[in-house]
Amino acid sequence: MLADYAVHAENSRGRRHPEPQHPYRNDFQRDRDRVIHARAFRRLEAKTQVFTRRYSDHFRNRLTHTLEVAQIARTVAAALGLNVDLVEALALVHDIGHPPFGHAGEKVLDTAMRAHGLLFDHNLHALRIVEDFELRYAAFRGLNLTFEVREGIIKHSRDYDSRQFPELAEYLLDQRPPLEAQLIDLADEIAYNTADLDDGFEARLLTLDDIRAGVPLFERFYREVDAIYPDAVDKLKFNETIKRMLDRLVGDLIRNTQQRLGAAGVRTLDEVRNHEQRHAALSAEVEKERCETKSFLYNNLYFSPSLAEEKDDAELVIGALFTYWMEKPSALPHNYQDKAREEPLPRVVCDYIAGMTDNYIYEQYEKFCR
């Protein structure tokens with residue numbers, strides 16, 4: 001049973017191009033399936049999350065991270081009486097706009113675009129993917145997703161000002177997104193904060209002593225685990241600690257969001273949308289713990305000298321290819337040359353690069369820039 005403040009599939013604002021109802025799948029289930037079958041979704045398997053295969057081939061990539069976010073988001077949604085189908089679709093599509101080389105690649109692309117008075121935003125790029133780039137249907141371009149999924153792509157992690165982004169006006173920028181969209185960014189944070197500790201430890205870039213000293217939440221649970229399993233090897237103690245951290249964060253998100261909804265007297269979706277702030281949130285205590293964990297990761301992992309080579313590669317490879325195709329657009333694939341007749345060349349070059357996997361962009365660099 002869905003809560004009254006959930007998004008009900010039968011009340012969807014619909015698709016840009018009307019389609020008949022499917023006999024055994026609701027609209028959000030169809031959106032989920034369309035995302036899964038999209039080429040851009042498959043390419044996430046070969047896009048960096050934090051670690052490239054230089055360290056190992058069993059660390060998270062952008063696809064496996066996405067699946068972990070979807071699992072967490074479904075759990076939270078079910079506990080809150082939200083629409084799990086919509087939440088799953090949003091979780092699966094939330095990173096589809098990320099370029100190669102992870103956040104380093106996004107930063108380099110944005111810098112290149114700003115030199116031309118434009119910008120790169122992976123949420124906006126994700127919308128372009130599902131609206132235009134995916135070509136699977138004879139009747140329309142894109143995936144023709146429901147309004148609620150397209151809105152969630154844009155609004156799940158930030159608010160956009162309609163004066164700065166007039167092209168997004170249809171997405172109710174003066175209103176909060178539904179709770180199904182609000183919880184995606186939090187599920188994302190929970191997933192990567194715990195997973196990056198795990199991968200950083202596996203990569204031997206983070207030691208157990210460093211994590212215990214720098215992450216109070218980890219230390220508290222590690223002491224508890226050590227008391228229960230004193231003879232277990234360190235890795236298994238580590239796993240048990242991460243499991244408890246996940247449960248702490250997810251459980252708090254569920255309980256605190258319920259409390260915030262009750263305190264605000266929110267009963268309907270319209271009340272969610274028209275409230276002055278978002279309701280999905282961690283408690284102040286657990287938010288502090290999340291921030292401590294994230295700060296530790298930034299200081300000890302993301303900007304680690306050991307990962308500097310990946311950031312250098314992003315700057316070198318993306319920067320060189322962007323410059324090359326700006327100076328020689330005739331070297332772009334024919335379909336991108338066609339798009340350049342209708343859109344600014346920097347945007348077209350950016351779109352092409354952003355869709356590449358890590359492996360493919362290296363191939364293009366070797367082909368054109370070496």
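This is a predicted model: local features need pLDDT of at least 70, side-chain atom pairs count only at pLDDT 80 or more; totals for chains, interfaces and linings use all residues.
The buried set runs through Leu345, Pro346, Arg347, Val348 and Val349, and continues with Cys350, Asp351, Tyr352, Ile353 and Ala354. As for what covers these residues, the helices include H5 (102-114) and H6 (122-133). Also among them are H14 (308-327), H15 (334-340) and H17 (358-368).

Let me now step back to the chain as a whole. Its secondary structure consists of 17 helices and zero strands. The radius of gyration is 22 Å, close to the 21 Å that the globule rule gives for 370 residues, so the chain is as compact as a globular protein of that length. Along the principal axes, the C-alpha trace spans about 65 × 50 × 40 Å. Of the 370 residues, 56% count as buried. If we take contacts between residues at least 6 apart in sequence, 71% of them join residues at least 24 apart.

I would next like to return to the helices, with H1 and H4. Helix H1 covers residues 27-36, and nine of its 10 residues are buried, so H1 is largely enclosed by the rest of the structure. Those buried residues are Asp27, Phe28, Gln29, Arg30, Asp31, Arg32, Asp33, Arg34 and Val35. They pack against helix H2 (39-43), helix H4 (84-93) and helix H7 (147-155).

Helix H4 is likewise mostly covered, with nine of its 10 residues buried. The buried residues include Asp85 and Glu88, together with Leu86, Val87 and Ala89. Leu90, Ala91, Leu92 and Val93 are also buried. The partners of this buried set are H1, H2, helix H3 (62-80), H6, H7 and helix H8 (179-202).

What about the cysteines? The number of disulfides comes to zero. Cys369 is in no disulfide, and the nearest cysteine sulfur, that of Cys350, is 16 Å away. Cys369 is partly exposed, with a relative accessible area of 26%. Cys291 also counts as partly exposed, at 37% relative accessibility.

Two further residues deserve a moment. Is Thr293 buried or exposed? Thr293 lies in helix H13, and its relative accessible area is 3%; a residue under 20% counts as buried, so Thr293 is buried. Leaving aside residues up to four places away in sequence, Thr293 touches Asn193, Leu197, Val215 and Met245.

Pro305, by contrast, is exposed, at 77% relative accessibility. Its place is in the loop between helix H13 (284-302) and H14. How far apart in space are Pro305 and Leu205? They are separated by 100 residues in sequence, while their C-alpha atoms are 9.8 Å apart.

Methods: Residues are numbered from 1 along each chain as its sequence is written. Side-chain values use heavy atoms; hydrogens and water are left out. Buried means under 20% relative accessible area, exposed over 50%, partly exposed in between (1.4 Å probe, protein chains only). Helices (H or I, at least four residues) and strands (E, at least two) are DSSP runs, numbered from the N terminus. Contact means heavy atoms within 4.5 Å. The radius of gyration is taken over C-alpha atoms; the globule rule is 2.2 Å times the number of residues to the power 0.38. A disulfide is a pair of cysteine sulfur atoms within 2.5 Å.
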